Each structure stands twice: as C-alpha cells, then as structure tokens.
Amino acid sequence: MSVALSPIAGGSPLVTRLLAQWPQIAERMFVAGLGTTPPAADLPDGHFTAEVLPAIYACGRAVLQAMADQRRFTKAEVATFVAPVAERHAEDRFPLPVLIEAIHGSAQSVLQEAAAVATRDELDDLVLLGRHLLDLLMQVNIIVVETYTEVEQSIYNAEREARRALCSALLHGAAASELAARADTTLAERYTILAIHIQPNDQPSTVATLVGRRRIRILQRALDTLAGTTALATFDGWTGTALLPSPGAADHDHAQSTHAQLTAELTERFGVPVFIAEFPSVLRSDIPEIAHEAAELAELARLLGRPAGAYHLDDLLLEHQLTQPGIARDRLARLISPILDSPHLLEALDAHLRHGSDRKTAAAEIHVHPNTFSYRLRRIAELTGVDPTDPHDSRLLAAALTIQRLHPDQPTTALGHAQPAESTRSNPRY
C-alpha cells in the first residue's frame, strides 16, 4: 500500500542544487552501488559503465525534475529506465541479491549527497526528499524482481538453448531438422562461419562467469542485429562459433566490412582484443570441417600477436600451414632450439625478420647499438648453423620462430639440437 507523499515546495533550492550537481553525483552513486559490492567490485573496470551509468543519470535527473515540478514520479516512468537494465542483468544471471544490495547502496549515497548540500533551513525539504527516495527505491525493487521473474519464466531461455543446440548440431554434422523446428529457425543451404576467439580466462571463477555471461549477451544481440534475425552461435565468453546465413554474392564485400566493424565493436565493448576468423558461403555439409579450420585461424591470429580484427585464410595462409603437424614442421622447429634459452638473441632475430635490411631501425627497436645487433645475428648463425642475413636462411628462421610461438611446449630437442646449415641441406628429404 502506497503512502501519500507531500510534494516538495516548487522551486526548492535543495532540488535545484542537486540537479545542477547531478552528473557528478550520478557517478559517485554508481561507484557506491555496483562499484563496491562483491562480486561486482571484482569485475573489470568499466564492466557496467556503458549500460548502467547512463540509466542512473537519466532516471535520477528525471526524478529530480519531477520533484521540482511538484509531482510524483510514477512506476511506469521508473520502469522505462530500470526495466531494460534489469532485463540485461537477468539475462546475464547476475545475482539478484547482489543487485538489490547495490541499488540500496546507491540510494544511501544519494541521501548522503543531499544531506551534505542541505542547509538548516531546508531540513523539511530534506525529509520530504528522503521519503520520495524511499518511494522510488520501493518501485525500483519491485520492477527489478518482476523483471527477473519474467526473464526466468519466459520462453526466451528455452528458445536460446534450442538455437544453441541447433548450432552445435550443425557444427558436429548431426541431424538438425528437428532441432531447427524446435528453435523456430529455417535452415540455410550455405552459412558464413565466424569463429570468435579471446585471450583465455585468467580471472577468478565467479568473476569469469559474470564476465562470460555478459559477453554472451552482447555478442548474441550484435549477431542478431547483423543477421536481421536470431543468429545461431555457441560462445562461452571466450571462444565460440557463429553461423550466419550467407548473403548473396553481391553482398559479400559489404558483409566482410560489417564483420570487421563487429570485431571492432566487440573489442571496445569487451575491453579486450577480439579475433574473428571468417569463412563465407560454406555448404551446410562442410560446416564441421571448416568450422574447425576457422577456430584454429582465429586462435592463430591471437597467438601471433596480430591486432584485433576479422581474418580470412589468405591473411595467414603460410602461418596456418606451418601449424600443421608433420616431420617438416618438427624439423623447422628444431632450427632455433640452440637459442631458445637466449631471449636477447630471439629478440634480435624477431626484429631482424620484421625489418629486413633496415638494421638501424631493428637495432633501435630493441635498444642496442647497430654493431651489437650485427654481433647477435652472427651469434645466431654460429649457434644454429643458419644465417639470418641469407635470404633463404631467413625464411627458414622466420618459419621456425612462428612454429615456436604457436607451439612453445613442443619438444624441440627430442631428436637433438638443430644441425648446422650444411647438414640440413645435405638431405633433400627434409
């Protein structure tokens, strides 16, 4: 049962001052709520900022303006600000008790701010403002709980799981017709495969779970917008695959540009580099094989230190081939085994391979004199029997360094250290 609230006097100086200072108060209110409540406080900086802070600012300003206009802020008005944020938290399965605690922490912060700026003559207005704040808090709590309940009881979860099961079936080559009907999805003949890869998780389990769920929601909404329908995806917050119905040939270039924009958007929203490998127009029957290749390619881009972005096979063709197991790869990997315990030599080799004949720039990059740099290259040649300054040998060393980066735990000494260059070349089979 709601208690009748007396309006605050029109033109109240207290409300006017709070409105003027509201941008700063909103930020402190945000920090006092979600910013201090575990496990929310343990999440990466900015995890809630883009979605929560604008809602706090807009809702608080509207409430203060309603007070200035001497009217009660209705539950319907509160819902326009609170319900969308609560829905996103519910979809992420953010703990409801933690959210309620954060909301109350924010409310206490606002009351403290009001008390700090109120004068002795404004105590009556301060009491009334507190009563209005309690009324608002009650409405916010009710809306949050109702929203959580609706999300839990809606068919959204069932449909999402059905789509995920359908995507998994397509990725594994399993029967998909019945799952497609359950997910209310029409199967396409061809799909564009997007493999998504992010740095593996190194966060505490509770934090990792919350971060992962938020990423899943953000990615799914971005993919749905991109596809113009509900997209199929398996993504755990760090790795996964999306299947989008392939566009016509005329739309292929536009789709590539859009996927690059998607990667940039996700990198900004997630706060970490996102790598996407794209394979367009894949027959449904070929999805399992190509999806595996796509996943390897996305991880390869990250391991090679490439910038976040959307990659195609042609972008990493040689590097991808070098990842394939076999005697040639093992032989190449052993070429640099004599210098694996010498970081300064590996650093010099990497700089040389990237800058080629521009030895001065390469030396400056690793902060050594050009003569020191030249000495290190000679030392590499002595230890490995392969000369970095020789065009043929430099290509071998570049391949060996790439393999070592991708397979750092590979036993390069199982068959002994690399043989001198003359021995390497004496056996044409290897």
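Colleague: Is Pro-338 buried, partly exposed or exposed?

Modeller: This is a predicted model, and each value here is computed from it. A residue is called buried under 20% relative accessible area and exposed over 50%, with partly exposed in between. Pro-338 has a relative accessibility of 22%, so Pro-338 counts as partly exposed.

Colleague: Where does Pro-338 lie?

Modeller: Pro-338 is in the loop that joins α13 (327–334) to α14 (343–355).

Colleague: What is the phi of Gln-70?

Modeller: Gln-70 is not a glycine, yet its phi is positive, at about 60°. The loop between α3 and α4 holds Gln-70. With a relative accessible area of 42%, Gln-70 falls between the two cut-offs and is therefore partly exposed.

Colleague: And which loop holds His-367?

Modeller: His-367 sits between α15 (359–365) and α16 (370–384). His-367 is another residue other than glycine with a positive phi, here near 65°. Its relative accessible area is 72%, so His-367 is exposed.

Colleague: Next, helix packing. At what angle do α5 and α6 pack?

Modeller: The angle is about 165°, and the axes of α5 and α6 are 11 Å apart. An angle over 145 degrees counts as roughly antiparallel. That is why α5 and α6 are described as roughly antiparallel to each other. The handedness of a crossing is a further reading, and for α5 and α6 the crossing is right-handed.

Colleague: Now the empty space. How is it found?

Modeller: Rolling a probe the size of a water molecule over the atoms shows where empty space is left. A pocket is an open set of points, while in a cavity the probe fits but cannot get out.

Colleague: How many cavities of 30 Å³ or more are there?

Modeller: The count is four. The largest cavity has a volume of about 590 Å³. Its lining is made of 31 residues, and those closest to its centre are Met-29, Ile-56, Ile-103, Ser-106 and Val-140.

Colleague: Which elements supply at least two residues each to that lining?

Modeller: For the largest cavity they are α2 (22–33), α3 (49–68), α4, α5 (96–117) and α6. The largest share, eight residues, comes from α3. By class, the lining of the largest cavity has 27 nonpolar residues, four polar and no charged.

Colleague: What is the volume of the second largest cavity?

Modeller: About 80 Å³. Residues that line the second largest cavity include Val-63, Met-67, Arg-71, Phe-73, His-132 and Asp-135. Both α3 and α6 supply at least two residues to this lining, and α6 gives the largest share, with four. The classes in the second largest cavity are five nonpolar, two polar and three charged.

Colleague: Turning to the pockets, how much space lies in the largest one?

Modeller: The largest pocket holds about 410 Å³. It is lined by 26 residues, with Arg-93, Arg-160, Glu-161, Arg-164 and Ile-216 closest to its centre.

Colleague: Which element gives the largest share of that lining?

Modeller: α9 does, with nine residues of the lining of the largest pocket. The elements that each supply at least two are α4 (75–91), α6 (123–153), α7 (156–172), α9 (205–227) and β2 (232–235). By class, the largest pocket is lined by eleven nonpolar, four polar and eleven charged residues.

Colleague: How many residues line the second largest pocket?

Modeller: There are 14, and Glu-319, Leu-353, Ala-398, Thr-402 and Arg-405 lie nearest its centre. Two or more residues of this lining come from each of α12 (317–322), α14 and α17 (391–406). The volume of the second largest pocket is about 330 Å³.

Technical notes: Residues are numbered from 1 along each chain as its sequence is written. This is a predicted model: local features need pLDDT of at least 70, side-chain atom pairs count only at pLDDT 80 or more; totals for chains, interfaces and linings use all residues. Side-chain values use heavy atoms; hydrogens and water are left out. Buried means under 20% relative accessible area, exposed over 50%, partly exposed in between (1.4 Å probe, protein chains only). On a 1 Å grid over the protein atoms alone, a cavity is a set of points where a 1.4 Å probe fits but cannot get out, and a pocket is an open set with protein on both sides within 12 Å along at least five of seven lines; lining residues have an atom within 4 Å of a point. Grid points are joined across faces, edges and corners, and a volume is the space filled by probe spheres set on the points. Ala, Val, Leu, Ile, Met, Phe, Trp, Tyr, Cys and Pro count as nonpolar, Asp, Glu, Lys and Arg as charged, and the others, Gly among them, as polar. Axes are lines fitted to C-alpha atoms, for helices over the stretch in contact, and angles run from 0 to 180 degrees between N-to-C directions. Angles under 35 degrees count as roughly parallel, over 145 as roughly antiparallel, 65 to 115 as roughly perpendicular and the rest as oblique. A crossing is left-handed if the near helix is turned anticlockwise from the far one by less than a right angle, and right-handed if clockwise.
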